[in-house]
Amino acid sequence: MTHDEIWEVLSRHVRDVLSDVEDDEIHPGQNLRDLGANSLDRMDILVGTVDELRLTVPTGALAAAPTLGGLAELLHAHCEQP
């Protein structure tokens with residue numbers, strides 16, 4: 001899966017969970033808290049994205065990604081692992 005495909009899945013889940021967020025607010029330098037996501041929102045976004053991508057990613061690794069771009073990079077790296 002390409003980085004762009006992962007970004008599309010991630011940003012779609014952000015839009016689904018945070019329906020009041022405008023598309024132009026969702027960019028790689030943004031973080032979920034600044035978009036208004038509470039802890040349950042963040043979990044819904046992460047779980048939905050990881051499930052759709054069919055990945056296994058340690059929870060601690062997900063928490064370490066400070067931005068949406070960092071999260072997409074992390075997910076992309078896990079896609080490439082055997």
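**Reading the labels**

Mentor: Let's start with a pair of helices: H1 and H4 are oblique to each other. Keep in mind that this is a predicted model.

Trainee: Why are H1 and H4 called oblique to each other?
Mentor: H1 and H4 pack at an angle of about 130 degrees, with their axes 9 Å apart. Angles over 145 count as roughly antiparallel and 65 to 115 as roughly perpendicular, with the rest, apart from those under 35, being oblique. H1 and H4 are therefore oblique. As for handedness, H1 passes H4 in a right-handed crossing.

Trainee: Which residues make the contact of H1 with H4?
Mentor: From H1 you have His3, Ile6, Trp7, Leu10 and Val14. H4 brings in Leu68, Gly69, Leu71, Ala72, Glu73, Leu75, His76 and Cys79. Sorted by kind, that contact has nine nonpolar residues, three polar and one charged.

Trainee: And how do H1 and H2 cross?
Mentor: Their axes come within 9 Å, and the crossing angle is roughly 145 degrees. The crossing of H1 and H2 is right-handed. On the H1 side the contact includes Ile6, Val9 and Arg12, while H2 contributes Asp41, Asp44 and Glu52, among others. The residues there divide into seven nonpolar, three polar and four charged.

Trainee: What makes Glu8 count as partly exposed?
Mentor: Glu8 sits in helix H1, which covers residues 3-17. Its relative accessibility is 47%. Buried would need under 20% and exposed over 50%, so at 47% Glu8 counts as partly exposed.

Trainee: How far is Glu8 from Ala77?
Mentor: They are 69 residues apart in sequence and 16 Å apart in space, C-alpha to C-alpha.

Trainee: Why does Arg54 count as exposed?
Mentor: Arg54 has 78% relative accessibility. The cut-off for exposed is over 50%, so Arg54 counts as exposed. You'll find Arg54 in the loop between H2 and H3. Arg54 also has a positive phi of about 55 degrees, although it is not a glycine.

Trainee: Last one: what pLDDT does the protein average?
Mentor: The average is 93, and 98% of the residues score at least 70. Where pLDDT is low, the predicted coordinates should not be read in detail.

Key: Residues are numbered from 1 along each chain as its sequence is written. This is a predicted model: local features need pLDDT of at least 70, side-chain atom pairs count only at pLDDT 80 or more; totals for chains, interfaces and linings use all residues. Side-chain values use heavy atoms; hydrogens and water are left out. Helices (H or I, at least four residues) and strands (E, at least two) are DSSP runs, numbered from the N terminus. Buried means under 20% relative accessible area, exposed over 50%, partly exposed in between (1.4 Å probe, protein chains only). pLDDT is the predictor's confidence in each residue, from 0 to 100. Axes are lines fitted to C-alpha atoms, for helices over the stretch in contact, and angles run from 0 to 180 degrees between N-to-C directions. A crossing is left-handed if the near helix is turned anticlockwise from the far one by less than a right angle, and right-handed if clockwise. Contact means heavy atoms within 4.5 Å. Ala, Val, Leu, Ile, Met, Phe, Trp, Tyr, Cys and Pro count as nonpolar, Asp, Glu, Lys and Arg as charged, and the others, Gly among them, as polar.
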